[in-house]
Amino acid sequence: AKALGIRRLISSVTTDLGDSSSNRIHNVELMAHILDGHVILPHTRFSFNDVVGERTAARGFLEGQAIVNGLLVPSIGGGVCQVATTVFGAAFYGGYPVLSRTNHSFYISHYDLGMDATVSWGGPDLVWENDTDRGILIKTSANDSTMTVDLYSTPRGVEVSKSVSNRSAPTQPKPRYVLDPSLPKGAINQTTSGEGGFDVTVSRTVRIGGKVVRTDSFGSHYVPEDLI
């Protein structure tokens with residue numbers, strides 16, 4: 001750690017788990033354990049999927065939920081996006097270059113607006129780069145209500161400022177019908193209240209010693225959550 005310049009806390013982000021099931025909490029804690037202690041060497045990239053690996057039952061992951069074709073469906077490894085979102089926030093406020101980040105299909109209100117990150121095995125990945133000559137140590141913790149990601153390295157005098165655009169391009173939810181054989185013939189049961197979609201952009205300015213070294217933006221396009 002001394003040789004790699006891992007000395008002090010660089011950034012720390014905590015996210016709220018919201019109303020999570022016991023399975024989702026288990027998965028978040030499992031991924032936090034996998035990430036805890038991981039070192040990103042100088043001038044190398046961090047890939048969430050490469051480091052965490054495939055989320056399978058054989059590796060201890062439990063069934064949660066995922067968004068598929070606009071519906072919440074059972075999925076092994078539910079909670080993975082909670083972890084990816086927290087890691088993204090730590091990299092964002094650490095001032096590191098983010099090479100790949102994808103927002104959720106739906107807006108999830110317990111995350112900061114436009115600061116979520118979704119990942120899937122064989123699909124979207126969260127990738128960011130250690131563009132310094134020093135190593136970065138990831139330390140994590142999680143419980144039934146929050147998850148925290150801390151990044152340790154050599155301080156460079158980084159200052160990060162963030163701005164969030166107004167919501168634009170609003171879209172309204174529509175009714176969507178899914179056959180439920182357990183209901184009596186002709187009966188209708190509404191299972192979601194429906195949420196509108198919109199676009200938003202988060203902009204970041206990174207300064208070192210007062211000098212601007214990076215400006216970038218992260219756009220999010222949230223689709224409406226239909227009335228099911």
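Val13 first. Its bridge partner in strand 9 is Val149. Strands here are DSSP runs of E, at least two residues, numbered from the N terminus. Strand 9 covers residues 146–153, and strand 1 pairs with it in the antiparallel sense over 8 bridges. Two strands pair if DSSP finds at least two bridges between them.

A word on the source. This is a predicted model, where local features need pLDDT of at least 70 and side-chain atom pairs count only at pLDDT 80 or more, while totals for chains, interfaces and linings use all residues. Residues are numbered from 1 along each chain as its sequence is written, and side-chain values use heavy atoms, with hydrogens and water left out.

Next, backbone angles. His43 is not a glycine, yet has a positive phi of about 55 degrees. His43 is found in the loop between strand 2 and strand 3 (45–47). Ala169 is not a glycine either, and its phi is positive, about 50 degrees. Ala169 lies in strand 11 (residues 168–171).

On to rings. The whole structure holds 9 aromatic pairs. Rings of Phe, Tyr and Trp (its six-membered ring) pair if their centres lie within 6.5 Å; planes under 30 degrees apart are stacked, over 60 edge-to-face, the rest tilted. Take Phe92 and Tyr93: an edge-to-face pair, 5.0 Å centre to centre, with 75 degrees between the planes. Is Phe92 buried or exposed? Phe92 is buried, at a relative accessible area of 0%. Tyr93 is partly exposed, at 31%. The cut-offs: buried is under 20% relative accessible area, exposed over 50%, partly exposed in between (1.4 Å probe, protein chains only). Ring pairs also link Phe88, Phe92, Tyr93 and Phe218 into a cluster.

Arg167 meets two rings. Its charged end sits over the ring of Phe198, 4.3 Å from the centre. Arg167 also lies over the face of Tyr107, at 5.1 Å from the ring centre. The rule: NZ of Lys or CZ of Arg within 6 Å of the ring centre and within 35 degrees of the ring normal.

Definitions and conventions:
Helix = DSSP H or I, 4+ residues; strand = E, 2+ residues; numbered from the N terminus.
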